[in-house]
Number of protein chains: 2
Amino acid sequence: MTGPMTGQMMEMPLLVSELLTHAARHNGDTEIVTRRVEDGAIHRYTWRDCERRARQLAQALARLGVQAGDRVGTLAWNTYRHLEAYYGVSGSGAVVHTINPRLFCEQLTFIVNDAQDGVVMFDVTFAGIVDLLAPQCPSVRHWVAMTDRASMPEMKTPVECYEDLVQAESGDYAWPLLDERSACGLCYTSGTTGHPKGVLYSHRSNVLHALVSAGPNALGISSREVVLPVVPMFHVNAWGIPYSGAAAGAKMVLPGRALDGASVYELIESEKVTFTAGVPTVWLALLNYMEQAGVRFSTLKRTLVGGAALPPAMQDAFQQKYGVQAIHGWGMSETSPIVTVGNLTSGLAEQSASAQEAALRKQGRTLFGADIKIVDEHGNDLPWDGVAFGDLYARGHWVCERYFNHPDSALRDGWFPTGDVATIDPDGYMQITDRSKDVIKSGGEWISSIDVENIAVAFPGVAEAACIAAHHAKWAERPLLVIVRKPGATVTREELLKFYEGKVAKWWIPDEVVFVDEIPHTATGKILKFKLRERFADYLVQHAGASQ
Amino acid sequence: MTGPMTGQMMEMPLLVSELLTHAARHNGDTEIVTRRVEDGAIHRYTWRDCERRARQLAQALARLGVQAGDRVGTLAWNTYRHLEAYYGVSGSGAVVHTINPRLFCEQLTFIVNDAQDGVVMFDVTFAGIVDLLAPQCPSVRHWVAMTDRASMPEMKTPVECYEDLVQAESGDYAWPLLDERSACGLCYTSGTTGHPKGVLYSHRSNVLHALVSAGPNALGISSREVVLPVVPMFHVNAWGIPYSGAAAGAKMVLPGRALDGASVYELIESEKVTFTAGVPTVWLALLNYMEQAGVRFSTLKRTLVGGAALPPAMQDAFQQKYGVQAIHGWGMSETSPIVTVGNLTSGLAEQSASAQEAALRKQGRTLFGADIKIVDEHGNDLPWDGVAFGDLYARGHWVCERYFNHPDSALRDGWFPTGDVATIDPDGYMQITDRSKDVIKSGGEWISSIDVENIAVAFPGVAEAACIAAHHAKWAERPLLVIVRKPGATVTREELLKFYEGKVAKWWIPDEVVFVDEIPHTATGKILKFKLRERFADYLVQHAGASQ
């Protein structure tokens, strides 16, 4: 017998419903704990309960007329009901469309209409937003308040009650055997310019991302972990944790809307959280609270930090003060999101603590199933020497090929251009040096705005820093530092610029410092540099006489 | 837009070549260390080298006329050349057929002919076997000695030299984009009766097994681990470690043919091994050596034990004496093999050490991607109460659907009957109580021969124990214990039977003890109970007057 032959193993699709049924069957008593949105009280149930209610929700959605492929929007915090929506919607063959409630109303309207959501489920917190959206979103046939009858908000829009819908159903429902390439979830990127664009995840891409991102090179989620995703479930599937947590059979802790330092700390301690994940701004609030309250972690071991660069000072605070490993992760909506995570090679594990620390400052190494490269302006590969920097491209089983409603491929030669600029070192550690549009080109040479910012935020009294390209008569562009001081702090231009000496090449030191009360951010917490450039791009030209 | 829709993520097949190219690209400097078969010397190179040579091997195989789907056999130890064969053969679209050289010559002949291997690659150790096989295996067009020109063995059979073939090629070869359901590997089960049957793994099943089995609920292999698979690569893909190690980017240590306690210990220490995996008999030799030599581990943290039950005494020796976690794994050739692994739930992680110990004595909990159930003789589900025992069935992405050359499905109602008898407790911990054909039915009630054996091997002076069903006039069957004493030990029938008191129900205590010099084993180290039954099935009837 010659010629291709097929393996003779069982053929089963990779479906997110399998993640949930596995958790219910093999980790049925493991808890899911939520701080309720309505009243801040603690709600607890199990993976077994979650699976049963997700089946009831699937039945309720069918009764509302939701069919395979239909989009069901959510405007919701991290709660057990949102988790039920993840599985009840996708498991039944519809597409869960997680909407970022922090976006502006115009963007929300655009997104709901672009997705053509037929049903939108929302936490009571967002009743006001729904009343604004409803008249402009004709595709939405049903708005569902994710609460019980007693807590229904007063609204202009006719809405239905989640608990009434779910509890009316029997749960006598079998998850359908879908094609694993079927659409599973939809998430819009909150670009700093232009309309948001949707990324349409498949069941296969979400399950593969869950298996790999739960692995020992990444989040390391096992059945004995207690996992608190602070990263919102409306933001790139909370980095896949609702899926990876189910695959691992972990205990889940969902913080609802209370993301202040005191509330997050209280939840970590009371539920014995061992692993958490979120963006730096949340950790800043947590660390500040702990500093003021004089408290420590008793169970937390690791935290994954992504969405924006983890400042070295924050990494050190976690590690040195609290014994918590703060791990860098990198990715984006278009990459599901996790592509690289800070982890050690066996070679580095034998080297000095300082060599390991230097490696773990970077954005991490590429997980199996994904790949990265850096290229120059002509698309040629750049060396992995830790010095050359260029446009970062990604590919892999959970990387976007095209955007929703955009028929053209988003790829170039089979790779997704991330819009980031990065270096890669010989051990595969990638370091983001800039968004490609934020890079500073001084006399034809590139300066990393992120490196310049990291130094500034390590200076006592600096709350936040942004480094932008300012026009310059001689060098075309020169770095300008925009600083927000901590309350009561007295940082001066001179001491801050002196702080750079010996830390970067001399020509990387900013020409000037501007102190402001506030730096503008996107809805997901990223600095809006183009707003700063609108304001300060000509600062050096205008002040040339004064300081140069 | 309504109706099913497809996700818009990149579509790439899951192929084992992707595991290797990932390791070469992102862990290129990470070492693969082998104790050479030819001379016991240490050979070291990297994942980058391995990938290049696997490409050269793929070219060499094409030159020998190997086409997609063709079977290429290996008779080989755990070495870098065997690893190259895993990837070079499968990556090119052919099927790597790992042959167990410990089988009898008739079985080997049957297997090679059933597989219709076109090429067989062998370690020089097995030159004698090849000379016996060659005249009886007409499908084999090329026998390849896995060595260099200087170490070629003298043989009757015309053979080719692996290094000559590989080094003649340029390596200018691109791994083909195969269908992920293509056959990847073939492994024959060494059943205790009947002809061996082949299990035909697919690329998809091997990659999914690698991702899940490397996970934190299972082997926990990360890029910082140093992994020594003592389990042979001719035995169910060495439990997938050649694949999971590549996915993780781990340093690999391959022991060649030297599996004695001193050699394995020396390799663990010199290469700083952190994780290892193998069958109990190898660990017994290792622990005996360490006891005699008075040495300890300095880097080893965990070992996965499978293939046969891990005796509690061995688990304790690893944990209490050496601080090494000995983890139970369960599976079989038909399940790729890993289905369950001993791991803790978050609930158990908070309970007492003794509660955890009791749970970790069992064969473990089911990994995502697989599922198990226990059924009675009518196929009805039995409760997961830790007491009820019945036939164990398995299913999942890496479970066999049918055997090679056997067109009929091997499944019953979509589940694979494993031939094991087991209990499952409410936390999902499965415990094998018997092979279904080894179970003892005393007066209609089942007795677990494995439980009876585990107690016997914990008795000082007992080297090995087998408990079999012996005919009995009143109870139909009663347990008979067959014992091999340790050299010089003086175990008596009376003290051994007394040792059972208080450890099991009184009616589980064996009726009689037979002392023998040796217990027969299969080629993979399993006790051949049917041989013992041939000899001792009527022992109680014949000796009824003497001892009852």
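Where does B:Pro337 lie in chain B? In this predicted model, where local features need pLDDT of at least 70, side-chain atom pairs count only at pLDDT 80 or more and totals for chains, interfaces and linings use all residues, B:Pro337 sits in the loop between β14 (325–331) and β15 (338–341). Strands here are DSSP runs of E with at least two residues, while helices are runs of H or I with at least four, both numbered from the N terminus. Residues are counted from 1 along each chain as its sequence is written, chains are lettered from A and ligands numbered from 1 in the order in which they are written, and side-chain values use heavy atoms, with hydrogens and water left out.

B:Ser336 and B:Pro337 are joined in cis, with omega at about 5°. Over in chain A, a cis bond links A:Ser336 and A:Pro337, again with omega of about 5°. A:Pro337 falls in the loop that runs between β14 (325–331) and β15 (338–341) of chain A.

Chain B also has some backbone angles to check. B:Val236 has a positive phi, near 45°, despite not being a glycine. This valine belongs to helix α8 (residues 236–239) of chain B. B:Val236 is buried, its relative accessible area being 2%; buried means under 20% relative accessible area, exposed over 50%, and partly exposed in between, using a 1.4 Å probe and protein chains only.

B:Lys272, another non-glycine residue, has a positive phi near 60°. The lysine is in the loop between α10 (261–270) and β12 (275–278) of chain B. With 39% relative accessibility, B:Lys272 counts as partly exposed.
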